[in-house]
Amino acid sequence: IDSYSEGPVEIYNPTNPEDRRKLVDHVARATEIATALPSVDFYNKGDSGNVLGILSDAFRIKSNQNTSADTIIYTGENNNHAAEILISGLENRLGKKQLAAAGIQVLNTVIGKMSGIVTDEAQIREQNLVEIAPGTCSAFLVESFNKILISKIKLKGFVRGIKVFEEKEDLLPFEEAKLYGHNAAHALLGFLLREKGAGLMSDAGSFKNTIEFVRRAFLYESGGALCKKYKGLDPLFTSAGFELYAEDLIKRMVNPYLRDSIIRVTRDIRRKLAWDDRIAGAMRLCLENGITPQHYAHGAAAAIRILAQEENVEPSIILNTLWNDVENNQKIVSEIKNLINIKNL
């Protein structure tokens, strides 16, 4: 484990008027911006300090400065349509004309790294980690990884300062491989290990059958569906390409040096069971491509059982209320619920 010092870094509190003014000023002058929030729902959360408010105020200033350079925003919210959601929010506040005058392009990203924030003092000492700032009892622990994909930049003559990113004309297939392959398999492994009483993802080494179960889900369910849907698009979407992708990720998921906790991997279960998120999304993808997602149904059942314990209700109650607000898809909702029920919910 290597330690790196990055800086200088300034942290502002957007609910503080003076700090918010500084944030708006920095954004108005920036050419590359990144968002990294728990979910896209946070774009509009909060009062004066919310992200859309800060960006809108900054771009309103920027649109009035005819000499201002163009700006790109990398959205890092692990949502296949984060860029479209953010740009829609900005258009609602500024209008398309003013936003265009500001020279803004919002990009989706695919960031397939394993990481976490360590807050355990013993682990920080044991692994010789360095705190984010003195006295915080928090440290970043991130695997060595820099293969980040982004949407194609359309701003004429724009030169990225961050050179390592790889632009893709159509990013959605790779976003789906990340969410319905990588994220779905990661969550599946977490839910299954949690029910077995494991504490760390690296404990999977004691449950060889579970790893093999997840491998089959990754390769033959979501992997088979993705390779069928995007056949011929990229070497990733071939049997050989996807097998390399899956094997690399499974190895990284259980990296003992990351000490990745199963509680972290399986937190916020309702979000992970959402219709467009990893588990239900992977199952939908499979069914739409003629594959029965037996393994992911097991994972969904495990997730529902864990959630039922947390909320002190019967698992059937949770299953019966999931996805009832999904419009025009009740047939596939019923298929998925039936598959989960079969798995001894």
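The second largest pocket of this predicted model holds about 530 Å³ of space. Its lining counts 25 residues. Closest to the pocket centre are Asn 79, Asn 80, Leu 179, Asp 276 and Asp 277. Two helices, H6 (172-195) and H11 (278-288), each give at least two residues to this lining. By class, the lining has 10 charged, nine nonpolar and six polar residues.

Now turn to the helix pairs. Two packed helices are described by the angle between their axes and the distance between the axes.

Take H1 and H2 to begin with. Helix H1 spans residues 17-29, and helix H2 spans residues 51-63. They pack at an angle of about 55 degrees, with axes 8 Å apart. On the H1 side, Arg 20, Leu 23, Val 24, Val 27 and Ala 28 make the contact. H2 answers with Gly 53, Ile 54, Leu 55, Asp 57, Ala 58, Phe 59, Ile 61 and Lys 62. This contact has nine nonpolar, one polar and three charged residues.

The next pair is H7 (residues 208-229) and H8 (residues 239-253). Here the packing angle is about 145 degrees, and the axes lie 10 Å apart. The crossing of H7 and H8 is right-handed. From H7 come Ile 211, Arg 215, Phe 218, Leu 219, Gly 223, Leu 226 and Cys 227. They meet H8 residues that include Ser 239, Phe 242, Tyr 245, Leu 249, Ile 250 and Met 253. Glu 243 and Glu 247 of H8 also take part. By class, the H7 contact with H8 has 11 nonpolar, two polar and three charged residues.

Key
Residues are numbered from 1 along each chain as its sequence is written. This is a predicted model: local features need pLDDT of at least 70, side-chain atom pairs count only at pLDDT 80 or more; totals for chains, interfaces and linings use all residues. Side-chain values use heavy atoms; hydrogens and water are left out. Axes are lines fitted to C-alpha atoms, for helices over the stretch in contact, and angles run from 0 to 180 degrees between N-to-C directions. Helices (H or I, at least four residues) and strands (E, at least two) are DSSP runs, numbered from the N terminus. A crossing is left-handed if the near helix is turned anticlockwise from the far one by less than a right angle, and right-handed if clockwise. Contact means heavy atoms within 4.5 Å. Ala, Val, Leu, Ile, Met, Phe, Trp, Tyr, Cys and Pro count as nonpolar, Asp, Glu, Lys and Arg as charged, and the others, Gly among them, as polar. On a 1 Å grid over the protein atoms alone, a cavity is a set of points where a 1.4 Å probe fits but cannot get out, and a pocket is an open set with protein on both sides within 12 Å along at least five of seven lines; lining residues have an atom within 4 Å of a point. Grid points are joined across faces, edges and corners, and a volume is the space filled by probe spheres set on the points.
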